[in-house]
Amino acid sequence: MTTPTTYDEFKQLAMRLDMSRGKPSPEQLDLSRALLDEAGTTGFLSRDGIDCRNYGHVLGLPEARELGAQLLGVDDAQVVAAGNSSLELMHDALAFAMLHGLPDCAPWCRQGEVAFLCPVPGYDRHFAICEALGIRMIAVPTTQDGPDMDMVEALVKNDASVKGIWCMPLYSNPSGAIWSAETIERLAALPAAANDFRLLWDDAYRFHHLTDTARTTPNIVELCERAGHADRALVFASLSKVTVAGGGIAFLASSARNIGWWQKQMSVRTIGPDKLNQLRHVRYLRDREGLERLMAKHRALLRPKFDAVISTFETLLGDLPDVSWNRPEGGYFISLYVPKGHAKRTVALAAEAGLVLTPAGAAYPYGRDDDDRHLRIAPTFPSLDEVKLAARGIALAVRRALEDTAR
C-alpha cells in the first residue's frame, strides 16, 4: 500500500475504522483468556465456604472486597465489590443521592437546583449521567495539575446547590493529566456550603501506565478523613480494562458510613452481585502483584500505538501554529488541539474518509466546546498498522480543514 500524503489520497483508501471509544483490543482481551478457559474449573465455593451460585452478599464476596482494598489502599470494610461497571456505580450513587439523599441529608431532588463541577476536557459519560438526572453542569478549566482550584473553592464555598465535582486524578480522560498533590489536598480540605458535597473520584486508570514509571496520586479517602470530611470521597475503579472489558469487577471505596448507606440503597435494587465472576477474578489475579504483572503485558501492546500516533503528529502537524497534543504517561487517550473553529470540520472530514472519531465537543458538558478545538484520540482498539494509518488520516484531515478555511 502506498502511504497517502494528502487527504484525497487517504480518502481513496476507503478505510472503515471506528476510533470513537477507548476500548481494549482483541489482543489485550486475549491476555485474560484463562478467565474464560478455566471458568468451569474454578468451582463455586469461596474461601469461607460461600456458595457463589446463590443469592446474598450485597457488598460483594469477602475476598473480592479484600482485593479491592489492596488495589485502592483502604480497609476491607470500606470497599464494595460489585458488577462489571464502575460507570454503573457512579450513576447509581448520583441517582440514590437525587432520590433518597446522602447520609443524614434530604434527597437532592427536594433541595432545589443541583449542580456539579465538571473539569474540562473531561469524560463524556460523566456528563451524560448529570444530564440524564437533571444536574446542572459547570465547566471548570483544567491543567495537567488538575482543575482551577481557585474557581472550585469559590463555587463550592459560596453555593450550596453545588453538590460535587467529577474527578479523574490519574491519567485523566482525555487529557492524560496527573493531578498534583496540592490540588488533591485542597479538594479534600475545601470548605463547602453544602454539607452533602461529594468528590466523585473516578480512578479508572490507576494501573494503566504507558511508561515504566508507575505514577500515583495521594489517597483521597485518607486525606478527606484527616481534613474532617470523612464522607466526602466516593472512589470508583474497575477491572474492565484489566481483564475482560464487559465482565470485570467494579469497586466502590469510601467511609464506613457511606458504605452503610450504599448497602441500604443497594439492598432494594439487588440481592447480590455475580459472585462467581468475582471468585474467578480473585483466583486468577490473586493480588495486586498479579494485577501489575498483567498490566505490564497490556503496556507492551499499547505503548507502540501511542508512540505511533505521537510520531505521526510530530511529522505531519509539527509545523502548524495552534496545533498541539499531549504525550500521556498512562490511560487510554490522546488530546489533540487544532486551531479554533476546526475540530468539528476535522471530525467530519475524517468520517468522509471512513474514519469515525469521538464527536468534537464530547469532552465538554452538553457537548459544547466553545472554541471548537479539542479532539479525543483513542488509539487502543485498532491494530498497530491501523493506528499508524489512522493517525496519518487524522493529521491529513486537520490540514485539509485548515486549507478549506484559507481558501
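## Basis

The model is predicted: local features need pLDDT of at least 70, side-chain atom pairs count only at pLDDT 80 or more, and totals for chains, interfaces and linings use all residues. Residues are numbered from 1 along each chain as its sequence is written, and side-chain values use heavy atoms, with hydrogens and water left out.

## The three-stranded sheet

Three strands form an open sheet in the order β10-β11-β13, with antiparallel pairing. Strands are DSSP runs (E, at least two residues), as helices are (H or I, at least four), numbered from the N terminus. Two strands pair if DSSP finds at least two bridges between them. β10 (324-325) and β13 (374-377) are the edge strands, each pairing on one side only.

β10 and β11 (residues 334-337) are joined by two bridges. W325 stands opposite L336 in β11.

F44 sits in the loop between α3 (33-37) and α4 (62-72). F44 counts as partly exposed because its relative accessibility is 33%; buried means under 20% relative accessible area, exposed over 50%, partly exposed in between (1.4 Å probe, protein chains only).

## S255 in its loop

S255 lies in the loop between β9 (250-253) and α10 (256-269). Its relative accessible area is 6%, so S255 is buried. S255 is in contact (heavy atoms within 4.5 Å) with Q78, A230 and D231, leaving aside neighbours within four places in sequence. A polar atom of the S255 side chain lies 3.1 Å from the backbone nitrogen of N258.

Definitions and conventions: A polar contact is a pair of N or O atoms within 3.5 Å; within protein, one must be able to donate a hydrogen and the other to accept it, and residues adjacent in sequence count only if both atoms are side-chain atoms.
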